[in-house]
Structures are given as C-alpha cells and as structure tokens.
Amino acid sequence: NTTMGAPSNPVAGQVLAFEVAQHSSSGPYTLAWNTVFEFAASTAPTMTATANKTDIYSFRYNGSQWQEIGRTQNMAQ
C-alpha cells in the first residue's frame, strides 16, 4: 500500500504517466493520491486488485493541479 506523492518542480503543461502493477505473490495493494492530483468528480480511482494486472494513469499540470487526462486499468503485465 502506498500514496503517490506530489511531483517536484512541475511546469505548466507538463504531462506524467504512472504505470502501477499489482504484485503477483502478495496483496492486493492499494494506491492513494496526494491532493495535488485531481480526478473527475473529485473521486480517485480504485486500483485494480487482480494479481499480474497493470493500471496506467496520465496527468497534465495546469500550473496548480495535476489533472487526470487518461486512465487505462486492468491491463495484462
């Protein structure tokens, strides 16, 4: 289980993508998000709990918040 921290020294217009995978031998693990990350309806996603699956989250920095611009979940590793 972990919390995604706030990125250092962001620049307006910068884009980040995070690939997060569930461990195959233990878990499921959870992922929480720092408040600098903004999601639709202010609701962070629930990470896929299935072993050997990957989620990808994309964000764009608008000068004050990292706004989610894409999400793909439950992908094979």
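A residue is called buried when its relative accessible area is under 20%, exposed when it is over 50%, and partly exposed in between (1.4 Å probe, protein chains only). Keep that in mind for the views below. This is a predicted model, where local features need pLDDT of at least 70 and side-chain atom pairs count only at pLDDT 80 or more, while totals for chains, interfaces and linings use all residues. Residues are numbered from 1 along each chain as its sequence is written, and side-chain values use heavy atoms, leaving out hydrogens and water.

View 1. Helices (H or I, at least four residues) and strands (E, at least two) are DSSP runs, numbered from the N terminus. Starting at that end, the elements read β-β-β-β-β-β. The C-alpha trace spans about 40 × 25 × 20 Å along its principal axes. Of the 77 residues, 25% are buried.

**View 2. Four strands form an open sheet in the order β2-β5-β6-β4, with mixed pairing.** At the edges you will find β2 (15–21) and β4, each pairing on one side only. Two strands count as paired if DSSP finds at least two bridges between them. Strands of a sheet pair through backbone hydrogen bonds, either parallel or antiparallel. Here β5 and β6 (residues 66–76) run antiparallel and are joined by eight bridges. Look for phenylalanine 59, which stands opposite glutamate 68 in β6.

**View 3. Phenylalanine 39 sits in the loop between β4 (37–38) and β5 (53–61).** Is this phenylalanine 39 buried or exposed? Phenylalanine 39 counts as buried because its relative accessible area is 8%. Contact means heavy atoms within 4.5 Å. Setting aside neighbours within four places in sequence, phenylalanine 39 is in contact with Trp33, Ala44, Pro45, Phe59, Glu68 and Arg71. Now follow the chain to asparagine 52, 13 residues along: the C-alpha atoms of phenylalanine 39 and asparagine 52 are separated by 25 Å.

**View 4. Glutamate 68, in strand β6, has a polar contact with arginine 71.** Their side chains meet at 2.8 Å. A polar contact is a pair of N or O atoms within 3.5 Å; within protein, one must be able to donate a hydrogen and the other to accept it, and residues adjacent in sequence count only if both atoms are side-chain atoms. Which residues does glutamate 68 touch, leaving aside neighbours within four places in sequence? They are Glu38, Phe39, Ala40, Tyr57, Ser58 and Phe59.
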